[in-house]
Amino acid sequence: MEVQKEAQRIMTLSVWKMYHSRMQRGGLRLHRSLQLSLVMRSARELYLSAKVEAHEQTEVPSLPARSPDPRLHPLREAQAAAEAASPDGEQPCSEPMDTQEAPRAEETPARCTPHPAKVSRKRRSSSLSDGGDAGLVPSKKARLEEEAEEGASSEVPDRLQPPPAQAEGAFPNLARVLQRRFSGLLNCSPAASPTVSPPACEGKPACRPADNMLNVLVRAVVAF
Amino acid sequence: MVLQPNERRYRDWSHRRLGPWCSPTGSPAPLSCETGCGEGSWILVCRLLVPTQVSLLSMEEDIDTRKINNSFLRDHSYATEADIISTVEFNHTGELLATGDKGGRVVIFQREQESKNQVHRRGEYNVYSTFQSHEPEFDYLKSLEIEEKINKIRWLPQQNAAYFLLSTNDKTVKLWKVSERDKRPEGYNLKDEEGRLRDPATITTLRVPVLRPMDLMVEATPRRVFANAHTYHINSISVNSDYETYMSADDLRINLWNFEITNQSFNIVDIKPANMEELTEVITAAEFHPHHCNTFVYSSSKGTIRLCDMRASALCDRHTKFFEEPEDPSNRSFFSEIISSISDVKFSHSGRYIMTRDYLTVKVWDLNMENRPIETYQVHDYLRSKLCSLYENDCIFDKFECVWNGSDSVIMTGSYNNFFRMFDRNTKRDVTLEASRENSKPRAILKPRKVCVGGKRRKDEISVDSLDFSKKILHTAWHPSENIIAVAATNNLYIFQDKVN
């Protein structure tokens, strides 16, 4: 339980830092944002695995032993969360993962429309189409859950293609992570159906009246 | 008093150095020969502080009206954030020492020349030139302000009477020429007494101007501006050993420039993934090999170093050598990913080794061995258990630099509480010293400091919890041939010299 609280605290802190880093002089620092997202990912992983273990009513392990390799692709982490009983099994996978990331990056040019990676808030938020998001998120969720059930360890080609609307963001995988789990964290209860707030869904505020804070925070994260 | 950028005010500044911040220098100290850090003792030569015009005014102002952005600056009297030194670099002879600060200024210090009547002043550095290198800019397209903070300064080897240096902020590299003028042509009859041009019809004689000596003036002129080549923030520049090219590295790309061409650069490394979502690492530092003009290294945020050979291909995305140490599973922690990020990489003067600095350690690598470093030095391992608090106060993101001494036998890096550490590679001894106003008088021998990790704290030891994390030494420099070091502590520049007993 303490582990969960600690992880949650670090996650909140990281989001706060990310949000504030937008306001500093000189604009967003890519390296800093990357480091913050890594910590956030670790914290989320920690929280999830602690929650799973608590749910299974096994002894909650100590903090250092539970930290997984943050280099894992977040979708793989979804599998790792399902396989929370074997954290050590992730470590031998880290080497092949790293080498796989390189070819993965090379494969993506064929599929993704190349977007100029400008750190432009305006451009990014406008690229996230309002209409597309509502349809995207449920299917993303379904795909992630499906993978978690399968426990696939090899590359799934579908996974490589992010929603085109989100290809612009620096860390939209993070946004997905937050969309999936953050509401649960903030409300201190596991989210059966995570309330989703597409960041640029400014046209429909009435749909999600309870998500004001979540909206702000997630929008802050995605708007890199 | 307003400091004109072109004026040499070294005499005025030495007067100011004897003001409220520095006490007069004491008895002379003999110069050191090449010794390791263990044998000699380090003495403070001088502490230099070049206040900006703003902070000069603030001496008379109330505390409330001073522009103090960070709370810890209240402890440093009369300092503004613009005075924080952001880079320090000796030139190739060690005669000049350049510093860049957050306000975009470059201040160059020159070593005092040896003179018979003032022997004790040899080894001291005085202000030689000050100029505004970069100004704050605004990128209208991205609605972003571009900081004027000088990220790096690199000297070019001297080829004529003038000195050349490269200075860079986040986006633009500039080549500056610093030259002296001690003669002035006089005797023109083209202007009248008020300085207005005379009507050519009134000029009846031809007068050839004569060069007359004048007060020495040091002027800095921007010779080249290399702009608009980097989307991300520039973190390193490195002059190639061919003296014709240099490289600039940002988070994802490295560009190769020719000094003569400012509107083009070659992109030699590009690690930007086609899909930014796949981004896992960024470039953190890059440097050319000191002798082989085709070889360079760059470090990453994942703790790896890649050595590239430009002869292999135009785009050096595929490395020639890949240096990575397998992670120690016992040291695994929540933050181990971000503390493994390399903040600085430096070739040894011999070109045989590279040194890397990550958050807690300094590592020396042999270029011929890729799978692990040959030496690892713990800088402040007592912080390993405090990573969570250091994450909260953002200290975990601090980028420390590291330097070699001239003979590659000693390495130095900074820490917190104004501590800096030296490691002798031969004797395996290390020392922790402090650069602080309170504890050091000029010519006094620096006392080695010790941090007490746990248990009983001895006298003169400092406990981990009482370390001041706002006082960090990120930038240091070592004279290329002598044991003289420059240590930047916020807005103070300390010059220490090795005193051999």
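**Exercise 1. State how many bridges join β2(B) to strand β3 of chain B, and describe the hairpin that they form.**

Solution. Strand β3 covers residues 96-101 of chain B, and 5 bridges join β2(B) to this antiparallel neighbour, where two strands pair if DSSP finds at least two bridges between them. Strands here are DSSP runs of E with at least two residues, helices are runs of H or I with at least four, and both are numbered from the N terminus. Within this pair, Glu89(B) stands opposite Ala98(B) of β3(B). The hairpin has 5 residues between β2(B) and β3(B), and Gly94(B) in its turn has a positive phi of about 85°. As for burial, 6 of the 6 residues of β2(B), residues 85-90, are buried, so the strand is largely enclosed by the rest of the structure; buried means under 20% relative accessible area, with exposed over 50% and partly exposed in between, for a 1.4 Å probe and protein chains only.

The model is predicted, with local features needing pLDDT of at least 70 and side-chain atom pairs pLDDT 80 or more, while totals for chains, interfaces and linings use all residues. Residues are numbered from 1 along each chain as its sequence is written, chains are lettered from A and ligands numbered from 1 in the order written, and side-chain values use heavy atoms, without hydrogens and water.

**Exercise 2. Determine the strand order of the open sheet of 4 strands in chain B, and its edges.**

Solution. The order is β24-β25-β26-β27, with antiparallel pairing. The edge strands, each pairing on one side only, are β24 (402-404) and β27 (430-434) of chain B. Between β26(B), residues 419-424, and β27(B) there are 5 bridges, and Arg421(B) has Thr432(B) as its bridge partner in β27(B).

**Exercise 3. Describe how helices α1 and α2 of chain A pack.**

Solution. Two packed helices are described by the angle between their axes and the distance between the axes. For α1(A), residues 2-21, and α2(A), residues 30-55, the angle is about 155° and the axes lie 8 Å apart; axes are lines fitted to C-alpha atoms over the stretch in contact, with angles from 0 to 180 degrees between N-to-C directions. The two helices are therefore roughly antiparallel, a term for angles over 145 degrees, whereas under 35 counts as roughly parallel, 65 to 115 as roughly perpendicular and the rest as oblique.

**Exercise 4. Give the helix and strand counts of chain A.**

Solution. Chain A has 10 helices and 0 strands, and 50% of its 224 residues count as buried.
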